[in-house]
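Here is a briefing on one protein chain. Keep the sequence and the coordinates open while you read.

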Amino acid sequence: MKSKRTSLNDIAKALNVSKATVSFVLNDKGDQFNISKEKQRLIKAKAEELSYVPNFFAKSLRQGETKTIGLVLPDISNPFYAEICKTIQEKLYNSGYNTFIVNTNDDVELEKVLMRELIQRSIDGMIIAPGNNINELIPILRSTHIPVVFTDRPGDENADFVGVDNVTEAEKLIRSFSIKPKRLVALVPSPSNVSTIQDRIEGTKIACEKANIDFDYLDVSNDQKEINKQIESELGKGTDSFVALNNKCTLPTLSALNKLNASIPSKVRLISFDDSDSFEYMNPPISALRQPVVEIGEQSVARMYERLKESKEPGKHFILPCEFMARKSH
């Protein structure tokens, strides 16, 4: 195992040329500085022989950019964020940027620590789906001048944001039930204090008030046995309709309803705010609201490119439409 990283100076000494000559060749500037083709070939061959790896941070310091974007996500295990991550990483890579991905697990303290660490690594910009309230993030964001784009979860009205109108989409979703609910319960995932979930609760509540539907919401347990008890209790209260406010609530709820022999949709109806590829294969297939996940990722990158140009224009909000996937559970 090599005990020391190969430097430009090592290559220069091996070939009895200057360090500057080696640097020009390895940065593809040999022709510009009239270095012979044969000398360029020898330098590149020696660099390969000595397993030379460029010093990324030194090069970034010289160029004034790292070609790296930080991506801060709350839950990479959630298929929604996994798809956003995949889209953003691919779009950035195709434009010559690397992505430094951090997962906060919706831990607001960890989020602040990880954001500071990203900034210390001299990233060129940051795309964030925040767990914290924007007021908690302002001191961190003011410590740097890098551009920031908020994705899925908004920052503030003056910042770039790409996502959906969760209040409006939740209202529309309640109106999608095939039969008007008598009593509807919104199934709330943990953590429930993030802005998107709070907006979905608000939209559900507004729709139920307008339609004179008895409404309540339920903080869903992480334990399946406890979920079974929760759903059984709600059925005992006359609940005939459930709306899962994200797809992580949907499958445990479906499992509980099946265990309780609550026939879907004849006895009880279920809609998920988030869609999943697996919902098509459930029994019955789950009706769901499909968010434009790929478009959110693509637009987030597009806004970042604009900010990297040092644009002084005010932040823009791109609100994208959702699509209701009518299957057999509603």
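This is a predicted model: local features need pLDDT of at least 70, side-chain atom pairs count only at pLDDT 80 or more; totals for chains, interfaces and linings use all residues.

Helices α1 and α2 pack at an angle of about 110 degrees, while α2 and α3 cross at roughly 90 degrees. Two peptide bonds deserve a look: I264 to P265 is cis, and so is N283 to P284.

**Helix packing: α1 with α2**

- Two packed helices are described by the angle between their axes and the distance between the axes.
- Helix α1 covers residues 8-15 and helix α2 covers residues 19-26. Their axes are 8 Å apart, at an angle of about 110 degrees.
- Angles of 65 to 115 degrees count as roughly perpendicular, so α1 and α2 are roughly perpendicular to each other.
- The crossing of α1 and α2 is right-handed.
- On the α1 side, the contact uses L8, N9, I11 and A12. On the α2 side, it uses K19, V22, S23 and L26.
- By class, the contact of α1 with α2 has five nonpolar, two polar and one charged residues.

**Helix packing: α2 with α3**

- Helix α3 spans residues 37-49. The axes of α2 and α3 come within 10 Å.
- With a crossing of roughly 90 degrees, α2 and α3 are therefore roughly perpendicular to each other.
- Helix α2 brings T21, V22, V25 and L26 to this contact. Helix α3 answers with K39, Q40, I43, K44 and A47.
- Five nonpolar, two polar and two charged residues make up the contact of α2 with α3.
- V22 and L26 of α2 meet α1 residues, and V22 and L26 also meet α3 residues.

**Backbone: cis bonds and positive phi**

- Most residues other than glycine have a negative phi, and most peptide bonds are trans.
- The cis bond from I264 to P265 has omega near 5 degrees. P265 sits in the loop between α11 (247-259) and β9 (269-272).
- The cis bond joining N283 and P284 has omega about 0 degrees. P284 sits in the loop between β9 and β10 (287-290).
- N16 is not a glycine, yet its phi is positive, near 60 degrees. N16 belongs to the loop between α1 and α2.
- Is N16 buried or exposed? N16 is exposed, because its relative accessible area is 72% and the cut-off for exposed is over 50%.
- N34 is another residue other than glycine with a positive phi, of about 55 degrees. N34 lies in the loop between α2 and α3.
- N34 has a relative accessible area of 72%, so N34 is exposed.

**Single residues**

- T99 lies in strand β2 (residues 98-103). At 17% relative accessibility, T99 counts as buried, because the limit for buried is under 20%.
- Leaving aside neighbours within four places in sequence, T99 is in contact with I69, L71, I88, Q89 and L92.
- Q198 is in helix α9. Its relative accessibility is 37%, so Q198 counts as partly exposed.
- Beyond four places in sequence, Q198 is in contact with S192 and N193.
- Q198 and V188 are ten residues apart along the chain, and their C-alpha atoms are separated by 9.1 Å.
- I179 is in the loop between α8 and β6. At 48% relative accessibility, I179 counts as partly exposed.
- What is I179 in contact with, leaving aside neighbours within four places in sequence? The partners are R269 and H330.
- I179 and D240 are 61 residues apart in sequence, and 9.8 Å apart C-alpha to C-alpha.

Technical notes. Residues are numbered from 1 along each chain as its sequence is written. Side-chain values use heavy atoms; hydrogens and water are left out. Axes are lines fitted to C-alpha atoms, for helices over the stretch in contact, and angles run from 0 to 180 degrees between N-to-C directions. Helices (H or I, at least four residues) and strands (E, at least two) are DSSP runs, numbered from the N terminus. Angles under 35 degrees count as roughly parallel, over 145 as roughly antiparallel, 65 to 115 as roughly perpendicular and the rest as oblique. A crossing is left-handed if the near helix is turned anticlockwise from the far one by less than a right angle, and right-handed if clockwise. Contact means heavy atoms within 4.5 Å. Ala, Val, Leu, Ile, Met, Phe, Trp, Tyr, Cys and Pro count as nonpolar, Asp, Glu, Lys and Arg as charged, and the others, Gly among them, as polar. Buried means under 20% relative accessible area, exposed over 50%, partly exposed in between (1.4 Å probe, protein chains only).
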